[in-house]
Every structure is written in structure tokens, then in C-alpha cells.
Amino acid sequence: MARHLAPRDYTAGAPTGDRLAAIAARRAFVSLKLTFADAASGIEGAQAHWLRQQVRAAEHPVDLWLLRASLFAALAGNQPDRRQLRQRLRRAIEAVFAEPQQSTMFGTV
């Protein structure tokens, strides 16, 4: 009598939805941290060393969120390079901390 075996499941090691979400969140954090580090490297003065140290020590997106005001203040001014750094910083922050868009209710009946 032949025994019917279930096919072997080769997907056991494949990332699940939760794991993929965690990987995406980690990549977003690393990208944000690199943007913060790049922006902090462009400043000088007494606060510069402290800011760079805080950015390096950040372990979570919220750590960087709390540093944003200090970094923007340090990047104040009308110099084109500072404006460009502030724009990159804003875009990176918005990408990680984007708020969900409210429904416009168009198309609902």
C-alpha cells in the first residue's frame, strides 16, 4: 500500500509579513539616521559635537525625532547648502513619520 505524503514545505524559512515589515522599518530607520548624520556633519560650533554624538547613539526613530529641532536650529541660515540639507532632512523625516492620509470619501456611495 502506497503512502501519500504531503509535499515538502520549502517556504518555512521565507520571511513572513511581520518579518518583512520589521526589515522595512529597520531600513527606513537606517536611512533616516544616515540623513541625520550627514546633516550633522555639515554644522560647526559648540553644539556640533554633541549633535553628532546623539545621532550616532540613536537606536530608534523616536531618538532622531527628538533631535530634529536641535538639528534644524543648527542648520539655520540662507546658505544654499544648509537649505538643501534641511530639505533632505524634512523629506527623510516625512518618509518615516508620515501620517496616514484621511479619506476624502470620493467614490463612496
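Which residues of helix α2 (residues 46-57) are buried? The model is a predicted one, in which local features need pLDDT of at least 70, side-chain atom pairs count only at pLDDT 80 or more, and totals for chains, interfaces and linings use all residues. Residues are numbered from 1 along each chain as its sequence is written, and side-chain values use heavy atoms, with hydrogens and water left out.

In helix α2, the buried residues are A48, L51 and V55. They span an arc of only 70° around the axis, so they lie on the same side of α2; the arc is that of the directions from the helix axis to the C-beta atoms. The exposed residues A46, H49 and R56 are carried by the face of α2 turned away from its buried side. Buried means under 20% relative accessible area, exposed over 50%, and partly exposed in between (1.4 Å probe, protein chains only). Helices are DSSP runs (H or I, at least four residues), numbered from the N terminus.

One aromatic pair is present in the structure. The ring centres of W65 and F97 are 4.8 Å apart and the planes stand at 55°, so the pair is tilted. Rings of Phe, Tyr and Trp (its six-membered ring) pair if their centres lie within 6.5 Å; planes under 30 degrees apart count as stacked, over 60 as edge-to-face and the rest as tilted. W65 belongs to helix α3 (residues 61-74) and F97 to the segment after α4 (80-96), so that the pair links distant parts of the chain, 32 residues apart. W65 is partly exposed, at a relative accessible area of 30%, and F97 is partly exposed at 29%.

How values were computed: Helix = DSSP H or I, 4+ residues; strand = E, 2+ residues; numbered from the N terminus.
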